[in-house]
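Please keep the structure in view while reading.

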Amino acid sequence: MNTPTTPIPDQKKVGMVSLGCPKALVDSERILTRLRADGYAMSPDYAGADVVLVNTCGFLDSAKEESLQAIGEAIAENGRVIVTGCMGEEANAIRAAHPSVLAVTGAHQYEAVVEAVHEHAPPSQGPYIDLIPQPDVKLTPRHYSYLKISEGCNHSCAFCIIPDLRGKLASRRIDAVLREAEKLVAAGTKELLVISQDTSAYGVDTRHESKAWKGREVRAHMTELARELGQLDIGGGMPPWVRLHYVYPYPHVDAVIPLMAEGLLTPYLDIPFQHASPKVLRSMKRPANEAKVLERLKGWREICPEIAIRSSFVVGFPGETDDDFKYLLDWLEEAQLDRVGAFRFEPVEGAQANHLPDPVPEEIKEERYARVMEVTERISSAKLQAKVGRSIPVIIDEVGEPDEDGDIGATGRSQADAPEIDGAVYLRNVPGTLAAGDIVNVTVEDADAHDLFGILS
């Protein structure tokens, strides 16, 4: 006689659309990890999802419009949509555009999102599935991971509403950050991208409190965090690539440069300078604008010649004169930054800058944007051309299929290239054994304004 069995019910499936910055991507990963632990499966498309989450961006009006379009697409394709993220703070605007959304929650409101999913797509599984341990959900490739060290920001920059959206600085415990990093490396991460709204301020809100880690006390401070991350081992005694993003140039940033020279920290700093003109920086209410940045850049390069500096700049800020813009161009020529992004100023609802006098006409913004990109592209081209003939370390992101001649190409990044925002290294004639996440030496054969081309050394 056959013993009757209880069938395991199908898992409820959740789809995710994640918009905006890497910090929002980390939020999406956390939400999905929690839902996975609650027994949900992930759906790669709209059709298979019982509910779709849209993690929105609300930083600029253009980003809000993109978020509303994404919500509309999810509603059209699936119909059951929960909205979260930065634009979730504007629930009335979302519901006005899309009255059928099931729920709206704000930035990093993880519990509220999970509660909404439970309400509108209750988990149907029992202990048969819940007892199976599930790995963390990652929306990035296995070999690199974003490591969020804090939420919020204490600054009140005139063009920014992030403190309103995400609140004041709230640093994570350093032992929790290091434990997460160790876990990521054990799972195959070769590159850690440290992110926050203000990485340099990590631990300020907790007075840099110490926690026990590996039998010693470690302070919640950017420099100590960087040193500890450099002690992790991805195999063969090699540390992971550790890349610092959103670093304001406070004086203590000088202390991380020797760690780069020692090989504990990837020689890369992402510093949001935003402008160079002292007058414009004052109008922007930017922190640390009194620093003698050009002198410090020179000093950093003397300590660590390989250091790559990336930054972003706003053109057309209210009150920016021709002299202010010329000051920026001259500064860029002297600074010789490795990677630069530029943005035309765009009013954001709720930002102080909207009330400043002397707005810059759109056609002048466009002209200034084009000139900044022309200057920085020329600088980038010269810097990359200087690498031709050298052998550099490269992390592999993707290996292609053999072409008609059996040759295989691959795409990777140098230590000067963060994923998604910087350039790439394109390789030819790689062996079929090469895999994503491998760190290899590459001889650079050619370069253009943004990318390098080469072959395995």
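Helices are DSSP runs of H or I with at least four residues, and they are numbered from the N terminus. The model under discussion is predicted. In this numbering, helix α13 covers residues 362-385 and contains E377. With a relative accessibility of 41%, E377 counts as partly exposed. E377 also belongs to a negative surface patch, whose other members are E374, D446 and D448.

The strands provide a second point of orientation. Strands of a sheet pair through backbone hydrogen bonds, either parallel or antiparallel. Here, five strands are arranged as an open sheet with parallel pairing, in the order β2-β1-β3-β4-β5. Its edges are β2 (41-42) and β5 (103-104), each of which pairs on one side only. Within the sheet, strand β1 (residues 13-18) runs parallel to strand β3 (residues 51-56), and five bridges join the two. V14 stands opposite V51 of β3.

Attention now turns to the charged side chains. Side chains of opposite charge can pair when their charged atoms come close. The structure holds 28 salt bridges. One of them joins E111 and R34, with an N to O distance of 3.0 Å. Because E111 lies in helix α4 (residues 110-120) and R34 in helix α1 (residues 22-37), this pair ties together parts that are 77 residues apart in sequence. E111 is exposed, at a relative accessible area of 52%, whereas R34 is partly exposed at 32%.

A further salt bridge connects the side chains of E182 and K214, at 2.6 Å from N to O. This pair links distant parts of the chain, 32 residues apart: E182 is in helix α7 (residues 174-186), while K214 is in the loop between β10 (210-213) and β11 (216-219). The relative accessible area of E182 is 28%, which makes this residue partly exposed; K214, at 52%, is exposed.

Helix α13 returns in another pair. R368 forms a salt bridge with D322, and their closest N and O atoms are 2.8 Å apart. R368 lies in helix α13 and D322 in helix α12 (residues 322-335), so the pair ties together parts that are 46 residues apart in sequence. Is R368 buried or exposed? Buried means under 20% relative accessible area; R368 has 4% relative accessibility and therefore counts as buried.

Finally, salt bridges can be followed beyond individual pairs: E191, R243, D397 and R413 are linked in a network of them.

Notes:
Residues are numbered from 1 along each chain as its sequence is written. This is a predicted model: local features need pLDDT of at least 70, side-chain atom pairs count only at pLDDT 80 or more; totals for chains, interfaces and linings use all residues. Side-chain values use heavy atoms; hydrogens and water are left out. Patches are made of residues with over 30% relative accessible area and no salt bridge: like charges are joined within 9 Å, nonpolar side chains (Val, Leu, Ile, Met, Phe, Trp, Tyr) within 5 Å. Accessible areas come from the Shrake-Rupley method with a 1.4 Å probe; for residues, only the protein chains shown count as cover. A salt bridge is a side-chain nitrogen of Lys or Arg within 4 Å of a carboxyl oxygen of Asp or Glu. Lys and Arg count as positive and Asp and Glu as negative; His and the chain ends are not counted. The place of a charge is taken as NZ of Lys, CZ of Arg, CG of Asp or CD of Glu. Buried means under 20% relative accessible area, exposed over 50%, partly exposed in between (1.4 Å probe, protein chains only). Two strands pair if DSSP finds at least two bridges between them.
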